Amino acid sequence: MVLKVSPRIRTAVFALTTTLGAFLLFQVQPMTGKILLPSLGGAPSVWTTCLLFFQCVLLGGYTYAHLGMARLRPRTQGALHLSLVTAAALLLTLPWPPIRSPDGASDPTWTIISTLTRMIGLPYLILSSTSPLLQSWLVTASGQASPYWLFALSNMGSLLGLLTYPFFFEPAFGLAAQRSLWSASFVVFAIGCAACAACLPRAPRSDGLETFPDMEEPPGGAPAPGVRLLWFLLSASGSIMLMAITNRVCQDLAVAPLLWVAPLSVYLATFVLCFHSRRWYYRPLYLAALVFATLATYRLGEAEFRQGLTLLVLGYLLILFVSCMVCHGELVRLAPPARHLTLFYLTISAGGAFGGILVGVVAPRIFTDYLELPLGLQACMILLLTLAVREQDWSLLPGRRTPVLASVLLGTLWVAGSVLTCAVQGGGGSVLTRRSFFGVIRVLEEFKGAPHAHCLTFYNGRVLHGLQFLHPDRRRLPTTYYGPESGAGLVLAAAPASTRRIGVVGLGVGTLAAYGRPGDVFRFYEINPDVIDTARRLFRFVPDSAARVEIVPGDGRVVLEAEEAQHFDVLVLDAFSGASVPVHLLTVEAFRTYLRHLVPDGVILVHVSHHHLDLGSVVWAVSRHLGLAAASIDSEGDPLKGTSPAEYMLLTQNPDRFASGPIHGRDRSSRFATRPGDLWTDDRNDLYRILK
């Protein structure tokens, strides 16, 4: 039986169901990513790998929608879809399977993908198919004009789902409550799907489908292979830019939903604008903007830590907006008649998944740096110029067309060639450059002409994380954030003269091993195998230490949760990846694990230096919650000694530990009385509140 309703009500049902499905589709992304972080090391690539999964399942959903439209009668499609929606809703009533952490420091890419498949695979597949499927159903049921407006509405729902997560759902609800709300909303979505399916006729309409008013049916029916290739490449380029910008932002700030949502929201906003109206995209304007964005990319890279957070994030988001407007604006110009919309969306999703695979799987294995951002920009430029030539659109190139066109193309190819040359050479003049799932590390040899300043420096991302002088008299000096005047130096110097057990989460180049004494044990936990290899081969802090040095591969928190009590006298937390903050190491649950490994008089030492985030207030809130004595130690850097400014928080169960001595004289924890900070837990933590 076909549900008989007025066209207005039918359109409203389709619109609301599509919007809710898109809302749920993108609301679940940051939620599940946040659930995975504590068990998978908190690296920036955890989120980009999640994005890869979402794009691949989106491709699966679009494939399902396309095949259903091509091979099944309308009512059969509806019955099949409702059975799958019902199965997905029933699966959501079951508890999610436990998250299995990867062994040691191995690449967790496939662990993330398999875990997400078990958690939300079928529901996400169903939601992914909603937009193209319901658009096709609406045309089949009503014969109305092109349904591309429904695609724009779908992206509005997606955008709403993303933006409400970090600013409403994340601070207002814990993860368990978020999951319950999401599952209940999925049931409402299932009811909407049933209502839409009831509107389908028993047989397809025979009156044809209306196209865009300014679009002619291509000769021969289906779009030409060249056009479909352009759909694919434009979508892939937009996806590459999304993931490249997300990598850049997370690597230099933190791995948290707030910073996941911002690039993805910009990406979706360009879909909304372009598919809402062609007037939003004016090709000559965006060519100029794309050239500016390319130049701005290099400028932002150079000014990374000399500028404020707002400028950096807005700069990267503007670059993403311009490049995605080009990709998605050109997609709309090439959009087919409505009868081919599922093929169109299928090709777009295939391109998006391909771009995700390039950035999430291929790039870390073939590049030694984050080169996908400049290469993605060059791909956008080449595609735009190719389309202009294909359509003989000379409005981009005033004056003498052929010389100008040749100059632009040669300049674009030259920049792309320069980037590729840099990739092959592994970074200009560095002793070592490596990239893996966990980020980019680089070792440089500096000040060769000055014997007392001659040193090796170690960079994680763009941040200095280690320095060792090569002169024999200075080789064992603790440097960077670990100098004698730093919080780390004061604690390790004040430790008892007896043999000590020191735990360190985050190896770097092993600088803290310089404080080792005969009989001491320094036990480092390091998630990145490349860092372990570099500290052992190129730097001498670990090999030359008087202490016995143990290096345990794997995420520090995950390994400590599995280990028997280690009875550490001091436990140092210093696990930054670039400037990125591993949020899961600073929650109440994490500190309870650390306390289990500490002797009663022991000290937890947390390195909280950060350009943009007030991490000290987070640790202070944890200390108040757990009843720990806390102190805050700041130190100035001295370039001549190779030390850097550093901020440490010190926590202990012994309230008398910091009552006297050098730590008491340097304690600045009173500043937290006016900004106590938010308490972070695995269930609830909010990056937005601690932005400086």
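Colleague: Why is F167 called partly exposed?

Modeller: F167 has a relative accessibility of 48%. Buried means under 20% relative accessible area, exposed over 50%, and partly exposed in between (1.4 Å probe, protein chains only). The value falls in the middle class, so F167 is partly exposed. The structure is a predicted model, in which local features need pLDDT of at least 70, side-chain atom pairs count only at pLDDT 80 or more, and totals for chains, interfaces and linings use all residues. Residues are numbered from 1 along each chain as its sequence is written, and side-chain values use heavy atoms, with hydrogens and water left out.

Colleague: Why is S128 called buried?

Modeller: The relative accessibility of S128 is 1%, which is below the limit for that class, so S128 counts as buried. S128 lies in helix α4 (residues 109–142). Leaving aside residues up to four places away in sequence, S128 touches L25, V57, L58, G61 and Y62, where contact means heavy atoms within 4.5 Å.

Colleague: What does the side chain of S128 have at 2.7 Å?

Modeller: A polar atom of that side chain lies 2.7 Å from the backbone oxygen of Y124. A polar contact is a pair of N or O atoms within 3.5 Å; within protein, one must be able to donate a hydrogen and the other to accept it, and residues adjacent in sequence count only if both atoms are side-chain atoms.

Colleague: Why is strand β6 described as largely enclosed?

Modeller: Strand β6 (residues 521–526) has six of its six residues buried, so the rest of the structure largely encloses it. V521, R523 and Y525 point one way and F522, F524 and E526 the other, all of them buried. In a regular strand the side chains alternate between the two faces of the sheet.

Colleague: What makes β5 and β6 a pair?

Modeller: Two strands pair if DSSP finds at least two bridges between them. Strand β5 (residues 501–505) and β6 run parallel and are joined by five bridges, so they pass that test. I502 has F522 as its bridge partner, and V505 has Y525. β6 also pairs with β7 in the parallel sense, over six bridges. On its other pairing, β5 is joined to strand β8 (residues 568–573) by four bridges, again parallel, with V505 opposite L573. Four of the five residues of β5 are buried, so β5 too is largely enclosed by the rest of the structure.

Colleague: How do you know that R523 and E550 form a salt bridge?

Modeller: A salt bridge needs a side-chain nitrogen of Lys or Arg within 4 Å of a carboxyl oxygen of Asp or Glu. The N to O distance between R523 and E550 is 2.7 Å, so the pair qualifies. R523, at 14% relative accessibility, counts as buried.

Colleague: What else does E550 touch, and where does it lie?

Modeller: E550 lies in strand β7 (residues 548–553). Its contacts, not counting residues up to four places away, are V521, F522, R523 and F524. The side chain of E550 also makes a polar contact of 2.7 Å with the side chain of R548.

Colleague: How many salt bridges are there, and what makes D530 and R434 one of them?

Modeller: The count comes to 20 salt bridges. The D530–R434 pair has an N to O distance of 3.6 Å, so it meets the distance rule. D530 sits in helix α15 (residues 529–537) and R434 in strand β1 (residues 432–436), 96 residues apart. D530 is buried at 16%, whereas R434 is partly exposed at 25%.

Definitions and conventions
Helices (H or I, at least four residues) and strands (E, at least two) are DSSP runs, numbered from the N terminus.
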